[in-house]
Every structure is written in C-alpha cells, then in structure tokens.
Amino acid sequence: MMEYRIYAGTYAGADENGIFRYRMDGNSQILERQLALPGISNPSYLALSQNGTMMYAVMEDMEYHGNAGGGVCAIKCRENSLEILNSRGTTGTLPCHVTLDEEAGVIYAANYMSGSLSMFPLMPDGSLGEMSDCRQHKGKGPNTLRQEGPHVHFSGLSPEKDGIWCVDLGLDRILFYGIDVHTMTLSHRPERDIMLPKGTGPRHFVFQPGNAHRMYVVCELSSEVFAVNILKEGCQILQRISSLSAPNDKSSCAAIKCSEDGRFLYVSNRGDDSIAVFRIDPKNGLLHLVQKAGGRTPRDILVLKDMLLSANQDSNTITCFYRNEDTGILTRRTGETSCHAPVCLTAVPTA
C-alpha cells in the first residue's frame, strides 16, 4: 500500500511549531507525527516540490521585518529534518496561498488583504531570489464587509503553462496573466479574465485532470461551485450549483479538490461543517451532489487515492475519511489526529 509524508500548515507564532510532518501508512491510515518546524510566522499555506525535497510556505502577516506585507519562506525537506533556507517579503499583506512552478523555477504568492500577486525566482539550491514582480489589483465588489477592495486568494497555472490565473474574491473576477520567464514579469491579459456573478466571492479553483478546458471554481461568499469551460476565444459558465444540501447563511466555502481520475469533486464548507461530494458527468462535466460528509470547520482537504484528509481549523484536528474510488462516497474513520489550527494539507508519496 502507498505510504505518504503529510505536511500540515497552521496558524502559529514564529516561536511556535507551525509546520508538522506526519507519516501515513496506507494500511492503517493513521497519522504518525514525525517532525515539527518552528521559526515561521503563520505558515498557513504550503507548496511541495514534486519529489518532496523542497517546500514553500507563506507567512500570513501584515508586517515583514518592519515593513508592510507578509512573507514567503523556502524550506529544505530532508529525511530527518526540515531546514529554513531563507524568506522574502511579498510587499502585499496577509499572503494566503503559494503556487510553485518547478519547470520555470518560480513561485507566486497571493496577497489576500492588499489584493496583489507577487512573483519570485528560485535559486539553484531552491532558495528564494528577490521579488521580480508584483501585480496590484484595484476595485471592489457589492459586499461591503468582504469586498471593500481587491482580495487575491489563490493563483494557479494554466494547463498549457502559458499563464497564471489569479482569483480575486473582492472583485468577483479571475484575472489572467501572461508569464515572461526571461524577464520574470507578468502581463495582464484581460480578454482571458473570467467574471463571476456579483457578490459570489471566488476563492479557489481546480482544473479537471485530463481536461485542460474544464475549470471548477468555489465561491466563498455564496457557497457555490461554478463549472467553467476555458477556451482561447473566451470562457463560458456551464453550471452554477450550491455546495450545501440545505441553505445555511452562516457557512462559507474553503477548499476545492478533484480526485486524480477526474471523476469526483470535493468542497469543504465551514460553518455547515461539511464536505460536499460531487460526481462529475463524463459527458458534459456537470456536477451532481451525491453526499455531504461531516467534519468540524474544515479549512483544507487533501484527496488521496482511497482517502480524504480534512484540516479542521477550529477543532484543532485532522480527520481521515475512507474514499470509495468507484462512488466517491466518504466514510469517516474512527479517531482524529490532534494539530493546532491546521489550515493546509499537502503530501508526497514515499513508497
């Protein structure tokens, strides 16, 4: 059975353990804590290299070394240790997501509070170079409490690697930037932007594995998922569906993940304390809600072959579900793993 190294990012002070590494045996499906790393303030989102030897974490703060903005940090992952190589300021405040492009040797930090996207080249040893570009968004949305300005929450490379999509919750827009790897700069290409309905508050997206034209966007403010057809000549919204089985105005979406085979989509609902399971229609890509599984305040979820892990921020736990690969249905495993304020999960197979 497959074994994994599971990393959890949390909210923690720089003097506290903020990143944890666990071993998961595919047979027992029990998390065994191996390592903990202090020295990074609020490492709330992590990105792992494909071979698991490098990791990048945001520092979700309002200030970095006395200047406005948060930070990003490079970490060397060894068999028996985690080593901080260096960190850089993002200029933007409260960075909440990091995207790694190993092929181009770049990382991107999404700065939530200030509404910007920062770009950093990677050095040969995996450490971070000086910030090469930062794109500041402008505008606001109709929700006066949550959309008083731009709020960049996520970025993701296009499947063709010809640009990066940048999700702005405050603008109800997913902006597209072309990438110049020679100058390490970004250029906005508004003709490829995706506009979501006003007040929905897009948060994250995933592409359907094996289909470069099918994007699924989770919207935090409206608790909805949008199926979007991505074409060079423009984008078309195919479907708008609730992530809740019943209305709940105290709930907000967080993570969206797709199974590796592209057949099932999973969305976490905070407040409703649930994980929505959708079946993806193989003919047209439309979603069908098939289950709502329990999990207290799930912030992030990690979909593995026959498992799903949920990082439950407010209950300080990580829960494990058995995942039926044929139906997508989740069954909660007995017992939980204690972890203070877990908000991100990522993994690399070890066997």
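The legends below describe close-up views of a predicted model.

**View 1. The largest nonpolar core has 31 residues.** Tyr-7, Ile-19, Met-55, Tyr-56, Ile-75, Ile-107 and Leu-128 touch the most other members of this core. Two or more residues each come from β3 (31-38), β4 (46-48), β5 (54-59), β8 (71-77), β10 (95-101), β11 (106-111) and β31 (342-349). The most are given by β5, with 6 residues. A separate core of 16 residues includes Ala-8, Tyr-22, Leu-31 and Met-307.

**View 2. Contacts of Ile-19, a member of the largest nonpolar core.** With neighbours within four places in sequence left aside, Ile-19 is in contact with Tyr-7, Ala-8, Leu-35, Ala-36, Leu-37, Ile-40, Pro-43, Leu-46, Met-55, Ala-57 and Ile-75.

**View 3. The largest pocket holds about 1700 Å³ of space.** Its lining is made up of 45 residues, and Leu-48, Val-206, Lys-257, Cys-258 and Thr-346 are the closest to the pocket centre. Elements giving two or more residues to the lining are β4, β10, β14 (152-157), β19 (202-207), β23 (252-258), β27 (298-303) and β31. By type, the lining residues are 24 nonpolar, 10 polar and 11 charged.

View 4. Not counting residues up to four places away in sequence, Thr-346 touches Arg-5, Ile-6, Tyr-7, Leu-46, Leu-48 and Leu-302. Thr-346 is also one of the lining residues closest to the centre of the largest pocket.

Methods. Residues are numbered from 1 along each chain as its sequence is written. This is a predicted model: local features need pLDDT of at least 70, side-chain atom pairs count only at pLDDT 80 or more; totals for chains, interfaces and linings use all residues. Side-chain values use heavy atoms; hydrogens and water are left out. A nonpolar core is a set of buried Ala, Val, Leu, Ile, Met, Phe, Trp, Tyr and Cys residues joined through side-chain atoms within 4.5 Å. Buried means under 20% relative accessible area, exposed over 50%, partly exposed in between (1.4 Å probe, protein chains only). Helices (H or I, at least four residues) and strands (E, at least two) are DSSP runs, numbered from the N terminus. Contact means heavy atoms within 4.5 Å. On a 1 Å grid over the protein atoms alone, a cavity is a set of points where a 1.4 Å probe fits but cannot get out, and a pocket is an open set with protein on both sides within 12 Å along at least five of seven lines; lining residues have an atom within 4 Å of a point. Grid points are joined across faces, edges and corners, and a volume is the space filled by probe spheres set on the points. Ala, Val, Leu, Ile, Met, Phe, Trp, Tyr, Cys and Pro count as nonpolar, Asp, Glu, Lys and Arg as charged, and the others, Gly among them, as polar.
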